[in-house]
Every structure is written in structure tokens, then in C-alpha cells.
Amino acid sequence: MEEYKGLLSPEYYYNRELSWLLFNDRILNEARDRTIPLFERLKFLSITASNLDEFFMIRVASLKDMVNVKYNKPDIAGMRPQEQLAAINEKAKEMVTAQYNTYNRSLLPALRAAGLNVVTSHKNLTKEQKHFVDQYFLEVVYPVLTPMAVDSSRPFPLIRNKSLNIGAVITKDKETQMATVQVPSVLERIVEIPGEKNVVTVILLEEIIMRNIQQLFLNYKIECAYPYRIMRNADLTIDEDEAADLLKEIQKQIKKRQWGEVIRLEVAEDMDKRMLKWLRRELSVREEDIFRISGPLDLTFLMKMYGLPGFEELKAEKNKPAPVPEMQGEGDIFSKIRKQDILLHHPYQSFDPVVDFVREAARDAQVMAIKQTLYRVSGNSPIIAALALAAENGKQVTVLVELKARFDEENNIVWAKMLEKAGCHVIYGLVGLKTHSKITLVVRREEDGIRRYVHLGTGNYNDSTAKLYTDMGLLTCSEAIGEDATAVFNMISGYSEPPSWNKLYLAPLWLRERFVKLIRREAKNAKEGKEAKIIAKMNSLCDREIISELYAASAAGVKIELIVRGICCLKVGIPGVSDNISVRSIVGNFLEHSRIFYFENGGAPKVYMGSADWMPRNLDKRVEILFPVEDKRLKNEVIHILDILLADTLKAHILQPDGSYAKQDLRGKTRLCAQEYFVKEAQERVPADRNPIRDRVFVPEEPVELQ
Amino acid sequence: MKMTTFAAIDIGAYEIVMKIFEISAKNGMKEIDCIRQRTELGADTYAFGYISYDKIESLCRILTEFRTIMEGYRVDVYRACGKSALRETSNILLILEQIKSKTGLHVDILSNSEHRFIKYKSIAFQETEFLKMIEKPTAIADVGEGSLQISLFNKECLVTTQNIRMGTMRLREKLSGMEEKTSDLSGMAEELMSSELFNFRKLFLKDKEIKNLIVLGSFLPKIIKKANNGEPSFYLSKDALMAELESYRRKDPESIAEELEISPDVSELLNQSIAVYRSLIGGMDVEEIWAPSLSLCEGLAYEYAEQNHYLKNPHNFENDILAAGKNIAKRYMCNTKHAEVVENFAMILFDGLKGVHDMGKRERLLLRLAAQLHSCGKYISMSYSAECTYNIIASTEIIGLSHTEREIVANVAKYNTMEFPDYKELAANLQSADYLTVAKLTAILRIANEMDKGHRQKFKSVKTVLKKDVLTVTINSAQNMTLEIGMMDDKRKFFENVFGVKLLIKQKIKQ
């Protein structure tokens, strides 16, 4: 592989963290886009804030860990952890400035003009409003507050990760003391107060508390009070080899998480110097990790603001997922799948077929077993309820609940225990691997023997996120896939790999090799003068081996079109290396989440979908499944979806050779928003309802199929 | 549609496998699940002769899990079988008892010949391929973890089978500790295997021409598939296969596993297996190799399907057994003409006693075999021929016969001439029902043998009539049969005691 060696050198790669920050920038751009409904912009800004929080808790924390243990290996782009941290710090601070500029200069005035007045400081309240908030404080807020003064006998209390707090400098008998109180998370952050007619007036909870802080320290004099917020190292690393009981270990880790090292401190821009110094010392924060904020801390409250009643004209029309045409008509879901493989495109199409698949299986007398992997489950999940019902109905139910799904562990443990109680066989993940694949297998005994029904997806079995994430799914009863699905669950249950696989490719077993083979085949075809093309859609692209293979393929003449939503470590436009590669990122109302891979294969295209990104963690440390779409009708449909995504001119940001992303120049181009296109298309495909009452021709019911 | 869900469990030296099949007359046999769990029972058995507590524990745990899976599929019938790794342990009775009480499953311990026969059946069920293969002289080699079994075909019948106690896992155990002394462990394994095969070739192959070779070996189908550029064909010429096998020489198992797309955790015995394939195939002068992907589990399912009339095997296994019998008779220079007469006479008696003896097709076959082999001991010793006959039969593998069946045949042949013993003398090897079978068959064989006492094939035809507890045997012979009829009083008495039927022998002289 001599020819590939040069392609591995760091100058051909971007650092993944900086690339991620660019992704957050693209979302921030949406918040700044005046063509987007105002309240949608609030949502985008809120997302940038919560994204940044998670980024710090996981990625920055991890880099800090590396620095702490003196791990000094450079990354794919040749940057050492310390260098990365410095670069991230600079970019993150720029981003925060941009966030607050957007909030203060653009969104607040626009909101006010639209009839929503956010009172930014309690000092600006009218007399009437003051009276209202004081009353509110006494009746609602005061009972749940726990103020804590800090002195030599009372040590600095534990400040919870991501919580909003108010620090105060208080004095008594000329003696200065510090005090802190947490802004209670049980109360709504946004409080509606009386104001002008026809204008909704709100104020943030911390302003109400700051105005009334004296009430908390009655015998003291309040010098000043400012909000602050901290971020702790939350990266959850479990040594799975040592954890005798994984479940207990995770529970232990969750408790520990609140105590992680403080890696970011956000304070009001004008915070009192004494207080800042005190916080720095007590929380052991470095100067560079202090973010001075000109506005309300923690912009995630904007998501709540989006939810305020009214203002519907300032929000995008709510998407109502269209019913899936193949699912309509009489008969159970199994007879429909037997008729044809069914492709699902969420959230344009409803997620109901997936829920119904499990639900009907739970009730169907012929179903013998249901097996499913669960990664992130919604609260009150109908799928969980159906699985529990199935077990109660005497079906053999095997569920792999991935406890290592970040930040969902607590949630998942609850479900897992509930399922176990209902009689399901619950597997709590695999040692050393996260099970990220999304697969459901229903084994049914039919007239002519056992038939297996399989759902394979690119997204989680989560009916809430299925309304927001774009994902693909396949319902099939293909024997080859059914056999493989059985083998997948055998493996997950701890049994050996089958001697061979029919259709599915599994990470960490063969997936990486398969992708490399597929890319190399295109390169070979290109060299032989055959048609050669790769289209790949994913969330992130940062695997060095895959990128180098793409470079080699590009150099061989393969046309490569990548649709990568988030991190992309690949560089475009390097002469002789990546001139044939284009990268676009679509950031829209829905979160692009599907993973689709197209290989030209000399004119007989191969289309695959799956749960894996081209990231080392997906290919090496997770159980992932890649499945082919072979039915001609469905394959064409998936290719059509890729074509539309590639034709998007409104929401696609194109990666430039200089590493920046830019929207396209619309001159001479058709305005097309892929997501809107799919919404419309899905609605149009629903067959018009027959109205049986008005129809002049009576339609006899088809006889119910007996098995 | 009548359908049976059948579970076959194969407790091997290296792993425990369960396959679930759906069997119906309409669709034949369909595998619907295959669950494999690695547990190296063989590592204990082959090294220490017994299986440790921990391994038994995990065996029971796996079998309990298998039981749950069976319940999930609503399995109607199961068969669980142990092979050499269980058979050769000193604590087998305790293990079986533990399995029974902890898992509720009954495990059959297969003798080597039963085990190989079941696998052989699964090959024979591959009708088109199998019948085509055995048109030419063919050998079947079954590469196991504990041993290697080679069977030879001639004129579409299996004529001989030999067990070579050197399998892939036994090879590994034998060579353990040698890693430091050589850089080519695989070459060493090959050498060891070749020396084992040398004797086999010298004794059994020297005058035989073998054209085709059928090999059952876990990795061979993948190797051949790869050599065929991924095409799902399991045929290859010897030269092409040897070239492929040579290309793995001195490669580490991980990279071979990767090339063959074999999961690294089952590739442990890959090197030993390749060494066995190399020495086996390299040492035989064959043209084509066929390596179907079949295992004991398929065989168990086929056997069930056959016994319950779901499927019919195109191949006649009885002929194999009889051909093997003839081959042994030839090897020990039995008087074949005499044997044939005795066999025929015995069959006539057996059939004439229908309704009295309460025996079936299988016992008839055993009787034929006993008749064929009843005098083979004379090859060793004229004075102790009965004991020698017993020893030869009891230690010669006849594929298709169970251990008990072989014991029955050996005893029938032995007590043909020796005084028939009390049950307690045979109780160590035979259950009471089998003892009765031995008695019945011996009674018949003795009469049949007596009728050709002079080995001169005096009669032309024989007829029997059973009427009111009297079996009349009419012998059509022009020669004087006084010697034969007169000398058999004590044999007749035994016969009458066993069947409760009077035996009347008449001679009819008709030209």
C-alpha cells in the first residue's frame, strides 16, 4: 500500500474538534438567517448552546484528561491535545460572542417587534412588574431555594454540573462573605409578568432571584449578586474489563459525574472581581476556561421560549409525518411486509409502522419471539410497553439495552429493569463494545414454517426523535436477511459468529474491510476506464483509513459526493488528492441522521444503509450493521433521495478548499430545500382517502387471510 | 402441513453447536438457526482424560440456554449427542447425570462409528452430488477435532472405514509446548499427521485407485470457495487445492482467517486444520475434491427425517454395511461360498420365523453380517476361532453399526460355536433386550451353519412352513445330508428353547 502512505500525512486532514465547531457555526448561521421564521431561529440558537455544552463535557473534557495524564500523541491533523485545547478555546469564545450578538442584537429586538418583550434585567422592571415578581418570589421561588453562605466553618458546597447559580458578596459587621444559591431547576426559567397590552412580557427566573436576594440573607448586606454556571468533566469511561457488574458500575459512575473536574465557568461579563477570584479558587478553574457572557447564561431556555403559547405565525409549519402508503389497507403488518419490502423515510413518513411492528408482534398468536436492540429510548416509549406485553403474552423477548448510550444510562436502566420484570431477557450491552445497531427481529410460525420479519434502521427506536431526525428504515421478510438477523442476536447473546453472512455487514467484525473493499473497487473501475462514483451520506467523517482510501479513489478518478452533516476531517480541493471530492452539509429543521452509501460498481450500483458513520468508534468499537437495499424499486427510491439531497441549494453548505463552509450562490440555480421537498413528496404519495359513505360503489371486504 | 421443529445438539471437543431445523415432507429440511458456543471440552479430555468441574458447569449452562432457545422455537424433538471429547472421559457417567439433573436434557454418547455414520448420512443426502461422486472410486475423509475418519467407496458401496486418532485438537494438544522449539508449528503438525497417515496408506490404500475425495472439515468449504474466487462451489481439483493450501504456509492464523473471512475467535484450530488438509490431500492420489459444508447436526436431522418418513435417502446404507462385511471377510480369508450358503439359509429361517421372533429389518441385517463373518477368527487361530472372531468383529469399525449392534454381531458369531452363556456373563456389554437378540440370532445362525457343516453346499433350495408351533424346514438336496441333520441335535434344542417352536428338518430328494 505504498501509494496510500503519503495520503495519511496530517496536512491532508482537519482536526475533528475544530470541524465540529464549524458545524455548530452552521447551526448558528440558521439562527441568524432572517429568512427563517423568528421562533425557529430561537430554536437553532438554543441548539448551538446545548451542543456546545455537550461538546465541552465530552470532547474538551477528554482532551483535558489527556493533558492531565500527559498523553501527547498528535491527532489525525497532527495537533497535540494542548494545541487542540488552545485552538478550541479561541474558536469557542468567538462562537459564544457570536451567539450573544445574535441574541442581543438580532433576536431580542425582533422578538420585541413581534410582541414578545424579554425584560433583560430586573432593574428595568416597572413598579407594577416589581410588585408582581416580588410576590412571585415569596410565594413560588423562596420555598424551594437553598441559600448557602460560605465561610471558614462552612466549606464551599457542591455546585452541580450545568446548573445555574447566583453568587453574592455579602457583608455583616464589616466582614465580607461569599454566598451562593442555585436557581431551582424545578421552576420554569421563563416567567411571564404583566406588561403592555397585546405584548407578552417575560423575565428570567434568575433576575427575580437576584432582585430578591436580600430576602435570603436577612442579616447581611448584599454587596452584589451575579449568575454563574459551571461545566464538569462528564466523559464516562468505564473500564469494562474490570467491572464485574456493569450495571452497578454505571450507576456508580452516574453519581460520580456531578463531581467531575470543572472545565468551564460561565459568568456574567460584569461580575465583581472579588467574586470571580473566589469562584476561580474554590472551583479550581483556569483563567482560559472562564467565559464572560454578555447576556443570560445557558441559552437552552430559548427552547422553552419557543414553546410559549401563541406566536404560531412565527414558527415553521409543524410537520405531520405522512402515513406510509404500503402500510395502508386491510390485513396485518406481516402480510403487508410479505407482499413487498417496505422502505421508511422518517420524519417525512410516520414512525408508526415501526411501533406497530413490535406492537402487532406482541399480540400476534403466531409470533414466537421478538428480539431488538435499544440504544436511546424515549420516555414512556410505546416500544418498551409492547415488548413487555409480548413477554407477558409468552413470547420469547430478547432486548439488548445499551447502557453506555451517553447521558441516557439512567433512563435506560429504568427501562431495562422494567423489561426484566415483565419477563424479557435483557442483555445489558457487550463488554468493550457499544451496541449502536438498530435491528428488530420478529420470528413467526406460519403455515409453511418459520418466517422472520426484520426491521433495520439508521436511527434509534425512539418515537420522539423520529419526528425530528431524518432516518431510513427497511421492513423485510427476506430469508437471507432474516438468517443474518438471527445470527446478529446470537452473537449479541454471546454465541459465536456464524460461518458466513448473507447480506449484513457487522462492525467491528467486517464493516471496515467491506467499506475499504467497496471504495477500492470504485478506484479499480475508474482506473479501467469504467464509470466510478461514490455518494455517501453520514453524520461524521473522521476515520483516517477511510479518508485515505477516498483520496486514493479520487486520485484514481472516482467522482465522490459526500453529504456529511457534522464533523468532516477530509479536505477538498487538494490537487491530485481530492479534486474529485465534494462535501456538503445539510443543516435544516430536521437533524440529518440517515447513513446511506452508494457505489457505482461499474454500472450496477450498490446501495447500502446503516447505523455507522465513517468514524473509528463506529467501525471499531461499536456493533453496527450495514444492510444492502437490493429491491430495485426501493433502491431507486434511495437513489432518488440522494439525488434530491445533492440538489439542495437552500440548506446545503459546501465545504471549501480553505476549510470553511459556504452556502451556494443561487444565481441560475433552482431553489430547492431537500427537507421541504421530502415533506411535500411524502404527503403527495398518500393515496386519497376513499369515503365509503359517499361512494356509489360498495366495496366488499377482502376475506381475512388465515394462517 | 405436517412439520417438525427439530433441534440437533452437537457437543464437540471445541464447541457446542445447536442447529434448529424445520422438517417437512413438502419442503424437506431447512435450517433456521445455528447457535455455537465455544467450550474446549476436548482440551481437558485429550490432555487429562477427564473433564474439569468448571467445564462441566459451563457445558450445563450452555445446554440450559439452548433449552430456552428450543422453547422459543417450540421445538418438537431434539437430539443431543456427545462425541469423543465426552466418550473418552473417565467421568462420563457423572457428567451425563449432572447434565440430566441440571438441564433436563438427555445426551447420547455416540460411538465413533455411529458418529461418522450420521455424518456420512448427511453427505449421502446431498443426492445429486453424492451419487455423481461415488460413480468413481471415492474416499470420504472426515476431519474432526479428536480424530480423522477415512472411508473408502468401491462400486457405490462403502467398503472400509478406518479411524485415525489424530484430529486437529489432539494435534494441538500433542504439540503444546513445542512453540518455543520451532518457528514452523504448522509444518510440524503436518509431519506428525503424515506419519499417522503413512500406515493407513500402506495398509488400506496400496492397491486401490481412488479418484474422488469428499472431505468434511470446518474450514475447507471456505478455502475452496476462496480458491474458486468467491463462487459458492465446493469442488476443486487436487492441484488447485494444494496450491491454495500451500499459499497459507508460514502465514499466521489471523491473516489467514482474515483472508477467509473467518471470525478470529474460531480460527484457533485453523493452522492444525490446514496441516491436516495438506497431509491428507497431498498424500492421496486423487483428482477432485468435494468439501460440502455439513456437520453432525445436519446428519442428526437427516436421520430423524428419514426415520420419520419425511425424507428418503437415495443411498442404500444396508448395502454399505454388507459390503463392508464382505470386505472384512475377504481380509480374514473366510470361506466365502460357505458364508454365502449360511447367510442364505439363515435368512430363510429368519423369514420363516416371522411372527415368532419379534425382530425386524435391522436384526435381519445383523444376522447377515454375523453369517458373513462367523468364521473370520480362523485366520488367527483354528483352536480359539470363536474368541478370535469375536475380537476381530468387536474391534473392526463397520460404519453404520452402533456400538451395541457390533457387540451383538460379534457375540452371535462367537456363540455360533461356543456354548451360549448366561446373561450375567454378557451383562457388562449388553442389556437384557440385546442379550435376547443375541440368543435368537445365535439360534438361527447355528442351524444355518450346521446345514453346511461340510462346507460343500449340498442343497439347492430350502422351504419353511410354520404351523402350530412347529417350524418345518424342507431341504431340497440330491446329496446325503445325514451328517448335517444328524449332528445338530444340541443346536436344535437350543433353537427350540429360544423360540419355543419345534424344529423339524426334512430332506426332499428331487433332481
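Student: How do helix 15 and helix 16 of chain A lie relative to each other, roughly parallel or oblique?

Tutor: Start with the general idea: two packed helices are described by the angle between their axes and the distance between the axes. In this predicted model, the axes of helix 15 (residues 511-527) and helix 16 (residues 544-556) of chain A cross at roughly 10° and come within 8 Å. Angles under 35 degrees count as roughly parallel, so helix 15 and helix 16 of chain A are roughly parallel to each other.

Student: Which residues of helix 15 of chain A meet helix 16 of chain A?

Tutor: From helix 15 of chain A, look for Phe515(A), Val516(A), Ile519(A), Arg520(A), Glu522(A), Ala523(A), Ala526(A) and Lys527(A). Facing them in helix 16 of chain A are Glu545(A), Ile546(A), Glu549(A), Leu550(A), Ala552(A), Ala553(A) and Ala556(A). Sorted by class, this contact has 10 nonpolar and 5 charged residues, with no polar ones.

Student: Let's zoom out. How many residues does each chain put into the contact between chain A and chain B?

Tutor: Chain A gives 15 residues and chain B gives 20. On the chain A side, strand 11 (367-374), strand 16 (449-457) and helix 14 (479-492) each supply at least two residues. That side of chain A divides into 7 nonpolar, 5 polar and 3 charged residues.

Student: And what domains is chain B divided into?

Tutor: Domain 1 covers 3-110, domain 2 covers 127-293 and domain 3 covers 317-508. Take domain 2 and domain 3 of chain B: their C-alpha centres lie 40 Å apart. Their contact takes 8 residues from domain 2 of chain B and 7 residues from domain 3 of chain B.

Student: Which element gives the most to the domain 2 side of that contact in chain B?

Tutor: Strand 8 (residues 157-164) of chain B, with 7 residues. The domain 2 side divides into 3 nonpolar and 5 polar residues, with no charged ones.

Note on methods: Residues are numbered from 1 along each chain as its sequence is written. Chains are lettered from A and ligands numbered from 1 in the order in which they are written. This is a predicted model: local features need pLDDT of at least 70, side-chain atom pairs count only at pLDDT 80 or more; totals for chains, interfaces and linings use all residues. Two residues are in contact if their C-beta atoms, placed from the backbone, lie within 7 Å. Helices (H or I, at least four residues) and strands (E, at least two) are DSSP runs, numbered from the N terminus. Ala, Val, Leu, Ile, Met, Phe, Trp, Tyr, Cys and Pro count as nonpolar, Asp, Glu, Lys and Arg as charged, and the others, Gly among them, as polar. Axes are lines fitted to C-alpha atoms, for helices over the stretch in contact, and angles run from 0 to 180 degrees between N-to-C directions. Angles under 35 degrees count as roughly parallel, over 145 as roughly antiparallel, 65 to 115 as roughly perpendicular and the rest as oblique. Domain bounds come from an automatic or database domain assignment.
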